[in-house]
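Here are my notes on this one, as numbered points. Have the coordinates open while you read.

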Amino acid sequence: MSCRFTALLLITNALNFIDASLTMFWVDFGRATEANPLLENLLAENPLAFVATKFVLVALGTILLWRHRDRALAQVATPVVFTCYLGVCLLHLHGATLGLP
């Protein structure tokens, strides 16, 4: 359980980085906007701060889940969070199949 759990959390962080990178790409091409209103302004003003903020927030969340990995809520939430980030990355890939402007 622990190795699988840890792997899901590490992959979630990688997917978060992919999400941030592809969000910046799509926003630069005018094909998307940042869905999180708190991060939208940050992306427009300072893309590096946007990536750093996303990274830190998700990293802190995954550290919290890992620290409480023996609790039922963390065991349920971890695959849910992983699946959400995987879904977001798949949406990015779907957008790529639609072509660039």
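Which helices do the buried residues of helix 1 pack against?

1. The buried residues of helix 1 pack against helix 2 (37-45), helix 3 (47-67) and helix 4 (72-97). Buried here means under 20% relative accessible area, with exposed over 50% and partly exposed in between (1.4 Å probe, protein chains only). Packing is judged by contact, that is, heavy atoms within 4.5 Å.

2. A word on provenance: this is a predicted model, where local features need pLDDT of at least 70 and side-chain atom pairs count only at pLDDT 80 or more, while totals for chains, interfaces and linings use all residues. Residues are numbered from 1 along each chain as its sequence is written, and side-chain values use heavy atoms, with hydrogens and water left out.

3. The overall picture is 4 helices and 0 strands, running α-α-α-α from the N terminus on. Helices (H or I, at least four residues) and strands (E, at least two) are DSSP runs, numbered from the N terminus. The C-alpha trace spans about 45 × 30 × 20 Å along its principal axes. Of the 101 residues in the chain, 28% are buried.

4. Helix 1 covers residues 2-28, and its 27 residues reach 39 Å from first C-alpha to last, close to the 39 Å expected. That expectation is 1.5 Å times one less than the number of residues. Its buried residues include Phe-5, Leu-8, Leu-9, Leu-15 and Trp-26, but also Asn-13, Asn-16 and Asp-19. After the helix comes Gly-30, with a positive phi near 70°.

5. Now for the pairing with helix 3. Helix 1 and helix 3 pack at about 165°, axes 10 Å apart; axes are lines fitted to C-alpha atoms, for helices over the stretch in contact, and angles run from 0 to 180 degrees between N-to-C directions. The pair is therefore roughly antiparallel (angles over 145 degrees; under 35 is roughly parallel, 65 to 115 roughly perpendicular, the rest oblique). Among the residues that meet are Phe-5, Asn-16 and Asp-19 from helix 1, and Phe-50, Lys-54 and Trp-66 from helix 3. The contact divides into 13 nonpolar, 6 polar and 2 charged residues. Nonpolar covers Ala, Val, Leu, Ile, Met, Phe, Trp, Tyr, Cys and Pro; charged covers Asp, Glu, Lys and Arg; the others, Gly among them, are polar.

6. Last, a loop residue. Asp-70 sits between helix 3 and helix 4, and it counts as exposed because its relative accessibility is 71%. Its C-alpha lies 37 Å from that of Thr-33, 37 residues apart along the chain.
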